[in-house]
Amino acid sequence: MSLQDDLTAVRRNLNELVRSVERLERDVARQASGDAPRPPGQAPMITVPDTPYDSTLWTDSDDEGLGARDRRAP
């Protein structure tokens with residue numbers, strides 16, 4: 001390959017890299033704005049708050065896998 005061929009290949013690869021980065025930036029911007037399409041079957045993202053849950057939500061619940069409260073396992 002000649003120097004001219006090498007420069008042409010480098011220029012082509014650089015242009016492809018620039019297009020890829022621009023596409024990535026658009027995708028990231030769409031993801032951040034919530035406009036990006038989700039893959040089929042994927043549920044929407046749900047934000048879970050960091051604040052503790054109200055303990056009264058669990059007053060009548062059973063401990064999962066341990067059975068009901070105030071009872072002994074067989």
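Visitor: Where does R26 lie in this predicted model?
Guide: R26 lies in helix α1. The protein has one helix and zero strands.

Visitor: What makes the surface patch with R26 positive?
Guide: R19, R23, R26 and R30 form that patch. Arg counts as positive, so four Arg residues give a positive patch. Like charges are joined within 9 Å, so these residues belong to one patch.

Visitor: Which residues make the nonpolar surface patch?
Guide: L14, L17, V18 and V21 make that patch, which covers about 330 Å². Leu and Val are on the list of nonpolar side chains, so the patch is called nonpolar.

Visitor: Where is V18, and why is V18 called partly exposed?
Guide: V18 lies in helix α1, residues 3-33. Its relative accessibility is 38%. Buried means under 20%, and exposed means over 50%. The value for V18 falls in between, so V18 counts as partly exposed.

Visitor: How much of the protein counts as buried?
Guide: Of its 74 residues, 4% count as buried.

Conventions: Residues are numbered from 1 along each chain as its sequence is written. This is a predicted model: local features need pLDDT of at least 70, side-chain atom pairs count only at pLDDT 80 or more; totals for chains, interfaces and linings use all residues. Side-chain values use heavy atoms; hydrogens and water are left out. Patches are made of residues with over 30% relative accessible area and no salt bridge: like charges are joined within 9 Å, nonpolar side chains (Val, Leu, Ile, Met, Phe, Trp, Tyr) within 5 Å. Accessible areas come from the Shrake-Rupley method with a 1.4 Å probe; for residues, only the protein chains shown count as cover. Helices (H or I, at least four residues) and strands (E, at least two) are DSSP runs, numbered from the N terminus. Buried means under 20% relative accessible area, exposed over 50%, partly exposed in between (1.4 Å probe, protein chains only). The place of a charge is taken as NZ of Lys, CZ of Arg, CG of Asp or CD of Glu.
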